[in-house]
Amino acid sequence: MRLGIFGGSFDPIHLGHLLAASEAYELLSLSRVLFVTAARPPHKMPEADAEARHQMVLLATQDDERFEASRLELDREGPSYTVDTLRQAGKLYPEHELFFITGADAYADLDSWYQAEELSRLATLVGASRPGYDISRMHPFFRERTVLLKIPACEVSSTQVRERIKAGRTVRYLVVPKVEEYLAKHALYR
Ligand code: ATP
Ligand code: MG
């Protein structure tokens, strides 16, 4: 079995995330994709708290049997290092081959990640295309070890979703309806 691991701050989860996961699932014949919400990402400070971000990941993935929302990094102490998540997933799912999915912006700077070389030993690295980013500045070590996926361009980002909400604009069609409802109900990112 082939397990996709898709990590992110998901602040909030949007259609670009779902599309990237869906494309990876299909193009790599995965059995499932785990969406792992980064509780305390080492490189940035999310705006919404981790439980709210995870709740939105649950809402966005619950109607798709290919996807699963994972609490792996929420239930762990300390910074959310991907290398620890991949080690943990390897133990939890010993019968699975692991595929770590990132978008082009994230894989372009994989070499700066904590214990970066170890990542490529624990999982097959997968880089999905993302408008505005290319891999030319990617470290050769990782370029040789990454499966590149050309996926339909979706320009949505969580930053854009947050900025639109602050500006009083709609995020309909950028996030799934249940996430749109959650954002409104909890007055997030206003
Ligand atoms: P932010 O603007 O807050 O950085 P983001 O939209 O980049 O948010 P993240 O949670 O940082 O979302 O990203 C999680 C993963 O999803 C990363 O690997 C990122 O490259 C990928 N990703 C996010 N949006 C897209 C998109 N539109 N197309 C392809 N990959 C994406
Ligand atoms: Mg990002």
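Q: Which elements each supply at least two residues of the lining of the largest pocket?
A: This is a predicted model, in which local features need pLDDT of at least 70 and side-chain atom pairs pLDDT 80 or more, whereas totals for chains, interfaces and linings use all residues. Residues are numbered from 1 along each chain as written, chains are lettered from A and ligands numbered from 1 in written order, and side-chain values use heavy atoms, without hydrogens and water. A pocket is an open set of points on a 1 Å grid over the protein atoms alone where a 1.4 Å probe fits, with protein on both sides within 12 Å along at least five of seven lines, and lining residues have an atom within 4 Å of a point. With helices (H or I, at least four residues) and strands (E, at least two) taken as DSSP runs, the suppliers are β1, α1, α3 (82–92), β4, α4 and α7.

Q: Which residues that line the largest pocket are the closest to its centre?
A: About 1100 Å³ of space lies in this pocket. Its lining comprises 50 residues, and the closest to the centre are Gly8, Ser9, Lys44, Asp105 and Ala106.

Q: How many residues surround ligand 1?
A: A residue counts as near if one of its heavy atoms lies within 4 Å. Lys44, Gly103, Asp105, Ser158 and Thr159 are the closest, and the total is 21.

Q: What part of the 600 Å² that ligand 1 exposes when taken alone does the protein bury?
A: Polar side-chain atoms of His14 and His17 each lie 2.9 Å from an oxygen atom of ligand 1. For Asp105, a side-chain N or O atom is 2.5 Å from a ligand oxygen. By the Shrake-Rupley method with a 1.4 Å probe, the buried part of the 600 Å² is 90%.

Q: Where is the place of Ser29?
A: Phi of Ser29 is near 50 degrees, a positive value in a residue other than glycine. The residue is in the loop between α1 and β2 (32–37).

Technical notes: Polar contact = N/O pair within 3.5 Å; in protein donor to acceptor, adjacent residues only side chain to side chain. Points joined across faces, edges and corners; volume = space filled by probe spheres on them.
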